[in-house]
Amino acid sequence: MTVLHRLFLLAALFATTASAQNSASVKPNLIFILCDDLAQGDLGCYGQKLIQTPNLDRMAAEGTKFPQLYSGTSVCAPSRSSLMTGMHMGHCPIRANREVQPEGQKPLPAEITTVAQVLKSAGYATACTGKWGMGMFDTPGSPLKKGFDHFYGYNCQRHAHSYFPKYLWNDDQHVELDGKTYAMDLIGKDTRDWVRSHASGPFFLYHAITLPHGSFEIDDLGQYADKPWTKLQKTYAAMVTRLDREVGQLMDLLKELKVDENTLVLFSGDNGASFEPKSEVGQLFDQSMGGKLRGFKRSLYEGGLRQAGIARWPGKVPAGRTSEAPWAFWDFLPTAAELAGVELKTPYDGHSIVELLNGGRAPKREAFYWELHEGTSLQAVRFGDWKAVRNGPAKPIELYDLATDLAESKDLAAERPDLIAKAESLMKSMRTEHADWPLVMKKPGKKGKK
């Protein structure tokens with residue numbers, strides 16, 4: 001081999017090594033699409049027959065489905081707080097919906113770190129579009145004080161009930177509207193404009209879409225207009241398909257900008273369906289999936305907690321796969337930190353699922369824990385395939401084997417006092433007492449907050 005050949009091979013080796021190092025050092029873009037009150041069974045890729053969701057079905061085909069992705073809890077603000085802080089309900093500073101007048105909800109405290117702050121420290125551009133609900137702009141929980149460079153949409157959950165609002169927020173600026181414009185059109189456009197302007201990356205987008213939460217309003221019933229259904233059924237189906245269209249437009253943009261291969265996109269709802277399984281919507285669209293999932297929003301049974309989880313990252317997340325490994329909202333923060341190369345120095349409960357996303361094993365953990373304080377305090381814990389639910393501190397603990405009884409129909413508490421003792425111990429050890437969130441029974445004649 002001549003000296004010239006040796007020099008050529010050394011140069012090629014150096015170029016290949018440098019290219020690999022540069023590729024390894026490129027931080028991926030991160031998008032978490034969170035929709036509102038979607039049932040797992042509302043999507044075609046999860047078995048839906050009547051509502052059309054072609055874009056989400058394609059996302060699932062190009063990525064991995066996670067049927068055992070668990071929300072933070074089964075109502076909006078605390079579930080989203082868990083996602084942002086990496087804490088489960090035993091430690092999360094927000095454990096229920098708590099309204100603030102005239103606009104807003106109980107804010108995240110100043111000392112709490114969010115995933116956006118973690119990623120911003122790693123050089124990420126950050127945006128939240130859609131719905132926030134964790135602190136108005138004059139509080140420590142403002143999205144602009146919690147790591148987001150940009151915000152567009154609804155800050156207050158009550159305000160987000162209107163799909164034809166008289167105003168939205170652009171950062172902390174009030175944007176007056178005519179009350180006739182469908183808000184998702186404006187939110188979607190702002191989202192795509194922001195992604196386009198930050199395509200050079202790295203960026204983190206938290207796209208918190210309000211669809212298909214009530215009030216149930218849509219600007220066009222589309223393909224469902226002539227269906228022999230009730231108005232509510234048609235509207236709900238159109239809202240889910242409108243959600244699907246929004247996801248499709250965003251995914252198409254990633255391909256157009258040639259950044260989709262360096263972008264991890266996660267999709268989920270924030271809690272279970274709004275409707276009882278036997279209601280006109282729940283029954284027509286089989287939201288309980290043939291009775292497979294018990295419960296819905298505001299319960300801690302599987303139907304209130306399990307989400308239609310999807311992850312897509314070409315070349316990294318296996319395509320066409322369904323993983324039954326359980327994980328939860330509070331895993332997102334450590335996962336994002338690992339992908340961004342950040343060493344976490346803030347308290348958190350989650351585990352990184354980077355290996356799981358790449359087709360590997362789920363992290364080992366002792367248990368999953370949930371609670372909720374909408375009137376009577378609820379608690380639930382899952383350890384292995386065992387799931388324990390207590391519907392109030394004065395109520396007995398129920399026990400279910402999810403491996404054989406996903407519908408949580410057979411209470412095995414009487415047969416396994418040893419597991420009841422373990423569940424009770426976990427319910428105590430996995431929570432921190434907090435003056436705002438005492439475990440209480442609802443007083444007679446009083447209704448819990450919606």
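Student: Why is W313 called buried?

Tutor: W313 has a relative accessible area of 6%. Buried means under 20%, exposed over 50%, and partly exposed in between (1.4 Å probe, protein chains only). The value of W313 falls under 20%, so W313 counts as buried. The model is predicted: local features need pLDDT of at least 70 and side-chain atom pairs count only at pLDDT 80 or more, while totals for chains, interfaces and linings use all residues. Residues are numbered from 1 along each chain as its sequence is written, and side-chain values use heavy atoms, with hydrogens and water left out.

Student: Where does W313 lie, and with which residues is W313 in contact?

Tutor: W313 is in the loop between β9 (306-312) and β10 (321-322). Helices (H or I, at least four residues) and strands (E, at least two) are DSSP runs, numbered from the N terminus. With neighbours within four places in sequence set aside, W313 contacts P28, D260, E261, N262, T263, L264 and L339. Contact means heavy atoms within 4.5 Å.

Student: How far apart are W313 and T64, in sequence and in space?

Tutor: In sequence, W313 and T64 are 249 residues apart; in space, the C-alpha to C-alpha distance is 9.1 Å.

Student: What makes G282 count as buried?

Tutor: The relative accessibility of G282 is 2%, and G282 is therefore classed as buried. G282 lies in helix α7. Leaving aside residues within four places in sequence, its contacts are F275, E276, P277 and Q287.

Student: How do you know whether S288 is buried or exposed?

Tutor: S288 has a relative accessible area of 13%, so S288 is buried. S288 is in the loop between α7 (280-284) and α8 (302-305). Not counting residues up to four places away in sequence, S288 touches P277 and L293.

Student: Why is R298 called partly exposed?

Tutor: R298 has 32% relative accessibility, which puts R298 in the partly exposed class. R298 is also in the loop between α7 and α8. Its phi is positive, about 75°, although R298 is not a glycine.

Student: Which phi value does D171 have, and what is its relative accessible area?

Tutor: D171 has a phi near 55°, a positive value in a residue other than glycine. The relative accessible area is 25%, so D171 is partly exposed. D171 lies in the loop between β5 (167-170) and β6 (173-176).

Student: What makes α5 and α6 roughly parallel?

Tutor: Two packed helices are described by the angle between their axes and the distance between the axes. Helix α5 (residues 183-197) packs with α6 at an angle of about 15°, with the axes 10 Å apart. Axes are lines fitted to C-alpha atoms, for helices over the stretch in contact, and angles run from 0 to 180 degrees between N-to-C directions. Angles under 35 degrees count as roughly parallel, over 145 as roughly antiparallel, 65 to 115 as roughly perpendicular and the rest as oblique. α5 and α6 are therefore roughly parallel to each other.

Student: Which residues of α5 and α6 meet?

Tutor: From α5 come M184, D185, G188, R192, V195 and R196; from α6 come R242, R245, E246, Q249, L250, L253, L254 and E256.

Student: Why is α2 called oblique to α6?

Tutor: The axes of helix α2 (residues 54-61) and α6 cross at roughly 50° and come within 7 Å. That angle makes α2 oblique to α6. The contact involves P54, N55, L56, R58 and M59 of α2, together with D244, R245, V247, G248, M251 and D252 of α6.

Student: Which residues touch the most other members of the largest nonpolar core?

Tutor: They are L43, F267 and I310, in a core of 50 residues. Helix α6 (residues 231-256) gives the most to this core, with eleven residues. A nonpolar core is a set of buried Ala, Val, Leu, Ile, Met, Phe, Trp, Tyr and Cys residues joined through side-chain atoms within 4.5 Å. Another core lies apart from this one and has 47 residues, among them F66, F137, A325 and L356.
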